[in-house]
Structure formats: C-alpha cells, structure tokens
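Hi,

Here is the structure I promised to pass on. Please have a look at it first, and then read my notes below.

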Amino acid sequence: MPWGGRLKKITAFTDSRMRLNISHFTKYEYDKPVHYALQQVRLTPKSQASQNVLSWGITVEGGRKQLEFTDQHHNLVTLISLDEEQSKLNIHCKGEVETIKQSGIAGQQYGDTPLWYFKRSTALTKPGEQIHDLVKSLVDDDRDDLTRLHALSGLVAKAVSYKKGVTNSQTTAEDALEAGHGVCQDHTHIFLSGARLLGFPGRYVSGYLMMDNHVEQDASHAWAEAWIENLGWTGFDVSNAISPDERYVRVATGLDYKDAAPISGIRIGEAKESMIVTVHVQR
C-alpha cells in the first residue's frame, strides 16, 4: 500500500519539543472465513535521540499476538495471527510520543547492520537509465554532501509530482520516475536509488507525520535518510521538501518499503481481502 502524508501547509514551530497523540487503526475484511493468516506488524516506535515514547500499545480483535522480536534493522516486529475461520481482523495501535527538534538529524548508527549494507540496491530501488540521468549533474558536484543531497531531493520532487492512486507497493523507483507521478513511498525510493548511486548509504523510514490542520489521515508517512560523515543519519522528506522536524515520529527503517512496511503478511485460502486504514496524529 503506497503511503500519503503530505503537508497541506508548512508552519514553523518555535518549541523544541512536541507531544503527539497517535492512533493507527487497520481493518481487514474477507468475503469468506479464512483458515489461516499471519501479519507482521511494524508499528511500534522506539525511544531514540529524536523522540521519547511515553506510552504505546497494540490491541487486536479477531486475532491474537503470537510473539515479538527485533529484526536486523532494529525494528520491533509483532506477529499477529487471525483466529481460525474468521472474516474480520482489527489492529489498533495507539500511544503518545514526545518528539525533539533535531533538524532532520537522526544521529549515529545503531543496531548491528553495517553502513555498507545500506548502499545495496533492491528490486524496488534498482537504478536504471532514468535515475542515472537524474543524478548525473550531481556526480561531479563539488558542494558539501548535505547540499548535494538536498539538491537531489529537489530534483526528485521536480521530476515526480505528488499524486495518489497511480502507484502501488510494487512500483519501482525507475517506473515511478518514468511515469512522473507518485506518493511519498515513490519519492523515497527514487531518492534512495539516487543517493546510493552517489555513494551514500541510504535507508527507508516509515512513521507518522502531524499534518497542519488535518488530524485524520488515510495512511502513514515515509521519508528517506542518508548517512553523512560527521552528521550521521540525516532525513529528507522529498514529498514536503523539508527535513523531518518535531512533527515526525520514526517507527521502522530498512533498505526499502518491504523492510519497513507497517503491516505485511500471508494467508491461506481464496478469500478476497479489503483493508481500511485510519490514522490520527495530533498534539
């Protein structure tokens, strides 16, 4: 599922800290009872340099939590199974997070994954002719790394207009760039592909964004981080042309959307599935 999360208006906040209330409700319905289904849920934020998780919980109706583990990207993953012969599954995540203004800098590496790993291409971020052409003006650019990456963000935003409903979770960076439109997931994949071509480690970030004057959303948000010497992981929200600030809550990271997807899973049977997502983020 491609994500939304575009600011309607940019407002400058003077507070260095912000307390956000978040509610994320996912409703699955099937046209017939399902024998077996298992969902991987990456919807639990962790306390780190840019945020402090004050409370968080996941409740389930029509299924049960099986176990939790931390994956190779340091994401907390909850496995949720559907009760046998059920046709509905509700997953509700909610909590309160205090965020800290960091000017987009998430900081130094944590976890066990080495930096070289984040220079790898994936099926969703593999660069083709379009992405090579996009970054060629930055290859011999002698400006500092931060300036070059902001320039890359601007190039992606100019080349791909924000438009919902025209891409999906399987759309590659190259295809989205060629089409010229997409959502934050596509912007992020294109930026990561270009940043890696330029020699920067890059990773996909999923999370939440408090939108100005707009509490209810139909999706979570996504943005990119690139590793810059002497700064560490630094965020770039291409869709909103800013670096993440105190309105953002980081939840999961990975090489691309698949590594950081909020919910992914499998099911056995031929039942048709529908899903409704409602997200509320407010001070």
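A word on patches before the findings: a residue can join one if it has over 30% relative accessible area and no salt bridge, and nonpolar side chains are joined within 5 Å. Please also keep in mind that this is a predicted model.

With that in hand, the surface has a nonpolar patch made of Tyr36, Ile266 and Ile268, whose accessible area together is about 290 Å². Ile266 sits in strand β15, which covers residues 263–268. Is Ile266 buried or exposed? Its relative accessibility is 55%, so Ile266 counts as exposed, the cut-off being over 50%.

Strand β15 also belongs to an open sheet of four strands, ordered β4-β5-β2-β15 with antiparallel pairing. At the edges are β4 (63–70) and β15, each of which pairs on one side only. On average, neighbouring strands of this sheet are turned by 15° against each other, direction ignored.

At the β4 end, seven bridges join β4 to β5 (residues 76–82), and these two strands run antiparallel. Leu67 stands opposite Leu79 in β5.

One loop residue may interest you too. Thr44 lies between β2 (36–41) and β3 (51–61). Which residues does Thr44 touch, leaving aside those up to four places away in sequence? They are Trp56, Ile58, Leu76 and Val251. The relative accessible area of Thr44 is 11%, so this residue is buried; the limit for that is under 20%.

Best wishes

Conventions:
Residues are numbered from 1 along each chain as its sequence is written. This is a predicted model: local features need pLDDT of at least 70, side-chain atom pairs count only at pLDDT 80 or more; totals for chains, interfaces and linings use all residues. Side-chain values use heavy atoms; hydrogens and water are left out. Patches are made of residues with over 30% relative accessible area and no salt bridge: like charges are joined within 9 Å, nonpolar side chains (Val, Leu, Ile, Met, Phe, Trp, Tyr) within 5 Å. Accessible areas come from the Shrake-Rupley method with a 1.4 Å probe; for residues, only the protein chains shown count as cover. A salt bridge is a side-chain nitrogen of Lys or Arg within 4 Å of a carboxyl oxygen of Asp or Glu. Buried means under 20% relative accessible area, exposed over 50%, partly exposed in between (1.4 Å probe, protein chains only). Two strands pair if DSSP finds at least two bridges between them. Axes are lines fitted to C-alpha atoms, for helices over the stretch in contact, and angles run from 0 to 180 degrees between N-to-C directions. Contact means heavy atoms within 4.5 Å.
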